[in-house]
Amino acid sequence: MALVSATEMLNKAHEGHYAVGAFNINNMEWTKAILLAAEEAKSPVMLGVSEGAAKYMCGFKTVVAMVKEIHDNLGITVPVALHLDHGSYDGAKACIEAGFTSVMFDGSHYAFEENLEKSKEMIELAHSKGLSIECEVGGIGGEEDGVTSMGELADPQECKTIAELGVDFLAAGIGNIHGKYPANWAGLNFERLGEIQNVTNGKPLVLHGGSGIPADQIAKAISLGVSKINVNTELQLVFAAAIREYIEAGKDTEGKGYDPRKLLKPGADAIKAKVIAMMEEFGSAGKAE
């Protein structure tokens, strides 16, 4: 099965009141673990790629080639979309040319009129190539590839205007942040989320910063129209913890325990287990059967 756009899987998620996980990849281990998790859970999945991660992996074309080869080698049968996360204007264009099947254009740091103008252009370009596209209104808190936002709440009318351009799914700030959530975090603003869903006429909505949000808030967000949940930090944390445990137990000094394939395996296994657990939490497990 070829890589697909995310439009159909997210429309189905919205109609079925569950969410598809968009799990960021950083290398081959990440890609393999997430794809194996999706296949085992029988869940559709989106592989998110930040521009920083793409640079680390030697460019968008390298990422596309790697993901396609791993996908085919593993015999993956569930729907998989390769998605640019928080794409810049130039980055989104480059990903469209490189062979991504879905892109996010994040114009939230522009004045709204410029965000609107650039979003319209990107939506038309993506759709002309058969790709799905996500746009953003209102900043997401925390830091993402050096871009910091205070996480202001998105304006519902601005969301409505962007949604009417024909964007496939919409990211809107509702108090969510990237990275670890602080102890004094106020939680998601469900009133604003409900307002946004009402004025966007049932458009699938996106929850960024999905790592560390309590399960009850995830469930309520899904009930109010969130159909895509982005996860990155949580996988990084379990990956690091598993490898730390391996090294602190001295297993890297036993036999050829220093072999990178053995050294990284506990981290990859931890990612796979966490992804399966999150797919079950989001309700997407079994939806690709």
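Trainee: So two strands pair if DSSP finds at least two bridges between them. Which residue in S3 stands opposite Val49?

Mentor: Leu84 stands there, facing Val49 from S3. The labels come from DSSP runs counted from the N terminus, with helices (H or I) of at least four residues and strands (E) of at least two. Before we go on, this is a predicted model with residues numbered from 1 along each chain as its sequence is written, and side-chain values use heavy atoms, without hydrogens and water. Local features need pLDDT of at least 70 and side-chain atom pairs 80 or more, while totals for chains, interfaces and linings use all residues.

Trainee: Good to know. How many bridges join S2 to S3?

Mentor: Six, and the two strands run parallel. Strand pairing in a sheet works through backbone hydrogen bonds, and it can be parallel or antiparallel.

Trainee: What do the strands close into, and in which order?

Mentor: Eight of them form a barrel, going S1-S2-S3-S4-S5-S8-S9-S10, with parallel pairing.

Trainee: Let's walk around it, then. Which strands pair with S1?

Mentor: One partner is S10, joined to S1 in the parallel sense over four bridges. The other is S2, which runs parallel to S1 and is linked to it by three bridges.

Trainee: Why is S3 largely enclosed?

Mentor: Because eight of its eight residues are buried, the rest of the structure largely encloses S3. On the way to S4 (residues 102–105), S3 makes three bridges, and those two strands run parallel.

Trainee: What about S9 and S10, how many bridges join them?

Mentor: Three bridges connect S9 (residues 205–207) with S10 (residues 226–231), again in parallel. Leu205 sits opposite Val226 of S10.

Trainee: Changing topic to helices. Where is Ser119 found, and is Ser119 buried or exposed?

Mentor: Ser119 belongs to helix H6, which covers residues 112–128. Its relative accessible area is 0%, so Ser119 counts as buried.

Trainee: What is Ser119 in contact with?

Mentor: Contact means heavy atoms within 4.5 Å. Setting aside neighbours within four places in sequence, Ser119 is in contact with Phe105, Cys135, Ile162 and Leu165.

Trainee: One more residue: where is the place of Leu263?

Mentor: Look in helix H11, residues 260–263. Leu263 has a relative accessible area of 23%, so this residue is partly exposed.

Trainee: What does Leu263 touch?

Mentor: Ile243, Tyr246, Ile247, Asp252, Gly257 and Tyr258, if you leave out residues up to four places away in sequence.

Note on methods
Buried means under 20% relative accessible area, exposed over 50%, partly exposed in between (1.4 Å probe, protein chains only).
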